Amino acid sequence: MSAGRRRRPWALATFTWLYVAWSLVPVLIAVQFSFNDGRSRTTWQGASFRWYWGDPFASVANDPSLRLALTNSLTLGLFTLLVATPLGTALALGLTRWRGRASRASNSLMLLPLATPEIVLGSALFIVFSELYTVVPLGRSAQLIGHVTFSMSYVVVIVRARLLSIGSEYETAARDLGASRTQALRTVLLPLLAPAVFAAAMIVFAASMDDFVVSSFLSTDASSVTVPIKLYSGVRTSPTPALNALATLLLLGSVLSAVLAWLVLRRLRRDQTDQLAQLGVTDV
Amino acid sequence: MSRASRGPRLWPALSLPGTVWLIAFFAVPFYAVAAIAFGLTDPLFRSPIPVWNPLQWQFDHLLGALQRSLSGDLRPVFVRTFVYVGAALALCIAIGYPVAYYVARLAGRRRGLLLALILAPWWINYLTRMLAWVNLLQPDGYVNRVLQSTPFVSQPVDWLGGNPYTVVVALAYGYLPFFIVPLFATLDRIDGRLLEASRDLGIGTVGTFWHVTLPLSRQGLLTASAITLLPMFGDYYTNTLVSGSPSTTMVGNQIEFYLLQTQQKGIGAALVLILSALLMVLMAYYLVQTQRASREAA
């Protein structure tokens, strides 16, 4: 416990805070400029909501292409969530309880998308939809399929972690009390899994809204432009802060889904502890 | 009776939809890449003709792409990709290691706050973070204004017109959050008593870092590098956003160009295969190292 050992590492502390500032302040400035009253993205001219809804032509609310990008991103995120969450939850349940060679093969197949770079997956999906699955046109339906493909594995990983921590005791107890496998699944396992499933759904929604590469490879024309695609194409060309407003709304969406996941997770966990406590179980 | 017969089939049945989905929309697409890369070109329209039977595969596209990558016009693109990604990784280590180390071991009561701030960029869209920098680096942006207020710079610096330094720093900026977090997790798990013991034995703070902390965080460094290298090698959007100039083109840009902007999809598909092979070598190295580390630990 010499004085030298206890000395506060000022240099490292300063370095770390400088890094944090470097990583976040530019984004805060970009958010600030979304409220700029002038047309500039570099010179501050007073605050207003002009680029959100005030401007009759170029604001997010009034420019049809910006509005379309926003609705496309939200619908894509929502539909991806609705398809990927049940598919992933079922796969997690199956892979955890089912043993055998086929199960192991399916497990490896599920893990591969997590280690595949986006450009490789995007290229592969683009080629398969333009050469083989020509019944599905490139555009919004192909984008939905692509998003489900990369986000299903997130659901499996999250739900499976919860399944393993729950163990099989509750299910066995329900079966001993006369429930069928399906009944045990519906009345015992699924309610216990609910918080993890919800958190996974929120992460899927955020990941889908966040995706640029897969969406972009599978987008053909203006009808399937999402917010990230709009940001990409507009950064160097679009001269107004409406783009910053669009980016700010995207940020708001991600933060909201994160907070929602956290709140519901906490709430459900508390309710569950209460219910189990009534049954005399104290430790989940 | 129904219970016994239905039971064992429930779990495979639950796995079926997801597995079928992954076969149809993950495995088959990769086969389609091979079918195009090893396929033919329509002599009239120059459009690609996929060949689905592996016995009839042609290797013209792949050999052409390989030849151009090793000694032709694509060679500078590959060299540039390696140089940029290597430099960006070096920056990630130089910036990310001290930050992860400080937050994991020395931050004290600020630790929770710092951890939240370090995780915050994960929730901010990558393109938004790039957009923020493009605004700052404009000729009349804040960066140039600050620089011009100093006596050393009189003209605004052209950051966004094909400047390789901008591309490397932008790559590092983009992927640092994903580098820091796995490294933080490893440094956080190091047993503080080991470090104390080492210092009590008299090798000092610096010696302890070199002989104890750094070797113990090797696996975290490897994981963090793998997590950032995989996307960086295929990145094309960072480059387009902060440079857009042919003088900084990387492999990802060429894949995007050949697949989406030309009819020569065969070359694009062959480049995807070459990039995938390269990344698989990287992943294999990572997996072998990880296995060796866990064997040594056991």
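Two residues are in contact if their C-beta atoms, placed from the backbone, lie within 7 Å. The views below show a predicted model.

**Figure 1. Contacts of T16(A) with chain B.** T16(A) lies in helix 2 of chain A, which covers residues 10–33. Leaving aside residues up to four places away in sequence, T16(A) touches V99(B), Y102(B), V103(B) and L114(B). T16(A) counts as buried because it has 24 C-beta neighbours inside 10 Å, and a residue with 20 or more is classed as buried. From T16(A) to T96(A) the separation is 80 residues in sequence, and their C-alpha atoms are 41 Å apart in space.

**Figure 2. The side of chain B that touches chain A.** In the model, 66 residues of chain A are in contact with 74 residues of chain B. Helix 1 of chain B, residues 2–37, supplies the largest share of this side of chain B, with 22 residues. Sorted by class, the side of chain B that touches chain A consists of 54 nonpolar, 14 polar and six charged residues.

Figure 3. Helix 9 of chain B runs over residues 204–216 and has 13 residues. From the first C-alpha to the last, helix 9 of chain B reaches 17 Å, close to the 18 Å expected at 1.5 Å a residue.

**Figure 4. The fold of chain B.** Chain B contains 13 helices and two strands. Along the principal axes, the C-alpha atoms of chain B fill a box of roughly 80 × 70 × 35 Å. The radius of gyration of chain B is 25 Å, whereas a compact globule of 298 residues would have one near 19 Å. Of the 298 residues of chain B, 41% count as buried. Among contacts in chain B with a separation of 6 or more, 66% join residues 24 or more positions apart.

**Figure 5. Confidence along chain A.** Chain A has a mean pLDDT of 87, and 92% of its residues reach 70 or more. Within chain A, confidence is lowest in helix 1 (residues 3–6), where the mean is 46. Confidence in chain A is highest in helix 10 (residues 213–217), at 95. The pLDDT is below 50 over residues 1–5 of chain A. Beyond near neighbours in sequence, this stretch of chain A has two contacts in the model.

How values were computed
Residues are numbered from 1 along each chain as its sequence is written. Chains are lettered from A and ligands numbered from 1 in the order in which they are written. This is a predicted model: local features need pLDDT of at least 70, side-chain atom pairs count only at pLDDT 80 or more; totals for chains, interfaces and linings use all residues. Helices (H or I, at least four residues) and strands (E, at least two) are DSSP runs, numbered from the N terminus. Ala, Val, Leu, Ile, Met, Phe, Trp, Tyr, Cys and Pro count as nonpolar, Asp, Glu, Lys and Arg as charged, and the others, Gly among them, as polar. The radius of gyration is taken over C-alpha atoms; the globule rule is 2.2 Å times the number of residues to the power 0.38. A residue is buried if 20 or more other C-beta atoms lie within 10 Å of its own, exposed if 12 or fewer, and partly exposed in between; C-beta atoms are placed from the backbone. pLDDT is the predictor's confidence in each residue, from 0 to 100. The expected span of a helix is 1.5 Å times one less than its number of residues.
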